Amino acid sequence: VNKTALLIILNICIFLSLNQSDASEKESCFSCHRQETPSIVSAWTSSAHAMAQVNCVECHGEEYNSDHSTQHERIVVEAHVCARCHDKAARGHFAGKHGISFRAGRACTRSQMKTEENAEGCKDCHEKGAIASRQEVECSRFLAQSPEMQRRGRLMCHMVENRCDACHSSHSTDLSIARNPDICGTCHMGPDHPQYEMWESSKHGILFKQKGLKYAPACTTCHMPEGTHNVSEGITMGLAGQAYPQDVREKERDKMLEVCSKCHSKTFAAQNLSDGDAIQQQSMALVKEADKIIRELDQEGLLLPSPSDRPAHPLSGHKLEIGPQMLYEDLSRVEALFFRMKKFFYVITYKGVFHQNPDYAHWYGNAPLKLALSEIRSEAALLKELKLLRDRINNLANMDLTGANDATGSETDLLTLDLRKLKEQFLKGELSKDEYESRREALFKKYGL
Amino acid sequence: VNKTALLIILNICIFLSLNQSDASEKESCFSCHRQETPSIVSAWTSSAHAMAQVNCVECHGEEYNSDHSTQHERIVVEAHVCARCHDKAARGHFAGKHGISFRAGRACTRSQMKTEENAEGCKDCHEKGAIASRQEVECSRFLAQSPEMQRRGRLMCHMVENRCDACHSSHSTDLSIARNPDICGTCHMGPDHPQYEMWESSKHGILFKQKGLKYAPACTTCHMPEGTHNVSEGITMGLAGQAYPQDVREKERDKMLEVCSKCHSKTFAAQNLSDGDAIQQQSMALVKEADKIIRELDQEGLLLPSPSDRPAHPLSGHKLEIGPQMLYEDLSRVEALFFRMKKFFYVITYKGVFHQNPDYAHWYGNAPLKLALSEIRSEAALLKELKLLRDRINNLANMDLTGANDATGSETDLLTLDLRKLKEQFLKGELSKDEYESRREALFKKYGL
Amino acid sequence: VNKTALLIILNICIFLSLNQSDASEKESCFSCHRQETPSIVSAWTSSAHAMAQVNCVECHGEEYNSDHSTQHERIVVEAHVCARCHDKAARGHFAGKHGISFRAGRACTRSQMKTEENAEGCKDCHEKGAIASRQEVECSRFLAQSPEMQRRGRLMCHMVENRCDACHSSHSTDLSIARNPDICGTCHMGPDHPQYEMWESSKHGILFKQKGLKYAPACTTCHMPEGTHNVSEGITMGLAGQAYPQDVREKERDKMLEVCSKCHSKTFAAQNLSDGDAIQQQSMALVKEADKIIRELDQEGLLLPSPSDRPAHPLSGHKLEIGPQMLYEDLSRVEALFFRMKKFFYVITYKGVFHQNPDYAHWYGNAPLKLALSEIRSEAALLKELKLLRDRINNLANMDLTGANDATGSETDLLTLDLRKLKEQFLKGELSKDEYESRREALFKKYGL
């Protein structure tokens, strides 16, 4: 810790000496911004940055100072600006899931970064030189959305990848905000991953609300122990339960048990976490069963509408897509149910266990997960029943044609064929019944019958 | 402000001089109510009303004083009682959506008001002299409910129209309650319009929770700026996104931008709000697509069950009703999905954007909105497939009858007709197979064949 | 109260004299646990137990002291350990629903209790000497789950039956935690019974949040008045609305009205509660309608898949089970909808009324309840339509066979039969069209035609 403190002080000193920032520079910004954006100015004034004389230009750059005609709207987006002083935190951040961002949306976040130093990011999604995305990148949900909806997701959720102000208040440098579980909750909430709600209504959460951090863990207690900014520490699986190698799993589990054992016995904690592992596997098995049912329905051409009758998927075209690139639009009913199983209920079931919330595990997770699987099976049975009816009707129609043959065993092949054509036209509705009957009469006459 | 203060003081003076309320009158109420409803008495005692000597009779009327046998349960319902002193607030209230109430339920709320001065209200729902409701009034949901459920809605939610204690604590006059976002949340919550939940889990909400009104906006900051009681100020559309004229839109948007710009740059705020406009339009387009699909299914007679086979709608009878008068009961499956799209997911999508909550916009709004549309399309495909099977079976059945004709080309028309009748009876199950065959034999004999 | 206080003091004295617990005993535990579980030690140190010299052995037993090799993980599970001092609370607890636990899961909770004094508990679920469960015990949901999911439910929710630390903090004896509504919310939340969420967003809840217990009721105000631990007092119905005899209903209602009337007039409160009664009945009628529809579908063999084609129910086997033993797995679609109606929406509708939350009653309860009933009716209509199509196809197929008969009126019965078999083989796809025709030729030859 001492080393870190020294590094920070050193960094500050370098800045103070390198920059020509002084009271006059600051005043030049403040002269307008006291009027235009007073809350920003007052937030900075009482901030740790102000105390350390980290002024406007240190983050926003010099250009703002010299020319008021420049783009004032631009904001400090790259985490590497903060990293110039906050090196250790930045390195931790980029080593964990927050820093690589979630695969979902990474492609689109990257596409905003035009600067040379970010070109590296392209390789995450594209083969060298290619513009097609790699399959394992979950970017299609972004591709399929309007620019406005993209902005809501990209800038407001997935900005955590390279923007420190996703969690930290930008001008006030108020650590009580960044450390409060509420700020985690602005992203870790909702149908797809309600970690905040799970924690909040668990015993951990309610003890925290009443007694504070000394008595109960908040998000950072378990996921950022000792202030690490690598939020993946102690997590034993990748995104949506993706498997890690056994040795990595064990190493990460030990880290988490270390955290738990500050309050609980290790045996108790280990049992709880291994229940979570088991329930994640059990839930994934249900997801895989549904996956298999849907792929079989697709192979038999039973999906209604079939992928070929729907708008093209941005990456997979007119093929079934229920893997990582699955969208939540242009699906058939079984797929819509599957999307909820995979993205909502499966995730909630096992995360509910890990966050010590039995109600989430059971009633927000496991119950709707199993209900959805039942509904998928029921829908599959319906689609198969429809196929059976179609097949039987086809056979009857064929039968009927040959039946015409039965009835006139003595007629020539040519007559049989002509009668068959006539019948088909009638069945398709191309002939009225009267037309059909009069033409039949004519045919019989033609063949001398 | 000074003017308002003077007016209030003046009003109070008039009351004090006009009313014969004094300590003895108050005591006459208190003698019972200290025992019967102590919390009301103690709330009033420390209220601003008590300090201004606005006693029981000023609001509840004299009759309570003179005769203890009168109806003690009656409560002060009409906002105009409060308006006698709080004139400016009342005028603002009645100018905005709170004051006209939402169209939903207005009819029923009005029907409670029997007094002469409220007869005006009838015109909102009925043509002059008519008792039928106008189509644009969303009252059917109330008509279709039990009196008990009506009371829950009418008295507890829509009472905001003409009761100040929907937000204000009635006896304590404690403004901290009326101004707290929690009180707004008692109505602005839940599946149909979770504005409270959106705000609470947005950055605005969590900053408010931690730092208070000085650092972050609550409901009143944006929707009741400078204490206006017209909650429609700054809102650029009518109920459920109904369009306003362009000039009204611009005027109202400017008002909201004025509020936003107290903390944010106007460019940033304008971008955010115009994203909300665009997403509202995009989401409405999805609702309209579903609306079209369902109307077509109805025209083809494919809804299961069809409107004619269901209980009558209180206004539209046995016709499809998916417009403003749509109920959440006695629907077919596609309509049930559509109800959720229109009343829940569409609303949540765009309101989620305006309330700066990307999780609500995406996962509580846009995702289920698109999933429901997929399910509606899938169900429509299923209903059309059923129709196709029905049509093919009908054609086969007709075919079969004429097939009987084929088989006996030489028989007279009369025999053909008789055989056909027989076959129909058999197909309907009116004849067993044995009966059918013996009767056929008989027929052939009759015709000498 | 004085009597209770005396009893407690007496109990403490008995303990202090009977036990050999002294500073040295405590130190013997602390010597390890100050290192191993410091938070437990510090919680106890400032507890009421510590002040009353109720040391480790009083609850955990002597064996821990004498031999460090014994099972340290065991925790104090039986409420009767606490009951040795807290007699009155324990008697109240066991008299109410908390103490008998909910029928759901009771079986499994009991099965953990191997000690002689709990053998009595067996009778709750099993006839004397029998191992089969009685029908009225809702235990199948537990039987159908993995041991890990059982642990989540049994130990974390239903442990309230015989563990005081379900609500009370075990070592700190901090009553502010046990009395806070948040601790009730760890179980009384979620899709199946969101009493906490209902209360929290009702006027009661928001007033409590702002002003505290003096101004608004929390859970304990109404459900544990004057500190009773019988949480069933004032409740007029059994689980999920099960009817009580009229006199019991009236007695319990009077108790609740007594609570309400501390703030409200009795007339107002009685109206509110009787609205709840009426809405509970109305909602149950909808559930019963759905129940009837599904049983009829089952009797007609229309469920897709049918119970005989699904995994066996742990108690009912391959029969339809939509009563108290209904599972949330291995259902058909209508049953999945019914499960949600019965376990979620019905419960939320009437509990929303009783907890004074119109939004829960209407939008979380009544609306989805009626939408689900509509969907069940719609699905039933679809299943009946499928049956109609199947029947018509069957009739046509029979017709077609007899049609073959028509065509060859002069053929012998044997030929007719042979031709029919051939046609059936073809219809089932066992013969190609060519095979079928050539075999027909052969048949005609065989019969000399």
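The following paragraphs describe the interfaces between the chains of a predicted model and one residue placed at such an interface.

Residues are numbered from 1 along each chain as its sequence is written, and chains are lettered from A in the order in which they are written. Because the model is predicted, local features need pLDDT of at least 70 and side-chain atom pairs count only at pLDDT 80 or more, whereas totals for chains, interfaces and linings use all residues; side-chain values use heavy atoms, with hydrogens and water left out.

Different surfaces are used by the copies, since 14% of the contact residues of chain A recur in chain C.

At the interface of chain B and chain A, 57 residues of chain B are in contact with 63 residues of chain A (contact means heavy atoms within 4.5 Å). The buried area is about 5400 Å², with 59% given by carbon and sulfur atoms; this is the accessible area (1.4 Å probe) that two parts lose on being put together, summed over both. Between these chains there are 9 salt bridges (a side-chain nitrogen of Lys or Arg within 4 Å of a carboxyl oxygen of Asp or Glu). One of them joins A:Arg151 and B:Asp275 at 2.7 Å, N to O. On chain B, at least two residues each are supplied by α16 (203-211), α19 (266-299), α20 (333-354) and α21 (358-407), helices being DSSP runs (H or I) of at least four residues, numbered from the N terminus. The largest share, 31 residues, comes from α21(B).

Helix α20 of chain B also holds B:Thr349. This residue is buried, with a relative accessible area of 0% (buried means under 20%, with a 1.4 Å probe and protein chains only). Its side chain reaches the backbone nitrogen of B:Asn366 at 3.1 Å. Beyond residues up to four places away in sequence, B:Thr349 touches A:Met149 as well as residues of chain B, including B:Ile279, B:Ser283 and B:Leu369.

The contact between chain A and chain C takes 57 residues from chain A and 63 residues from chain C. About 5300 Å² is buried there, 59% of it given by carbon and sulfur atoms. The salt bridges between chain A and chain C number 9; among them, A:Glu375 pairs with C:Arg340, the closest N and O atoms being 2.8 Å apart. On the side of chain A that touches chain C, α21(A) gives the largest share, 31 residues.

Conventions:
Buried means under 20% relative accessible area, exposed over 50%, partly exposed in between (1.4 Å probe, protein chains only). A polar contact is a pair of N or O atoms within 3.5 Å; within protein, one must be able to donate a hydrogen and the other to accept it, and residues adjacent in sequence count only if both atoms are side-chain atoms.
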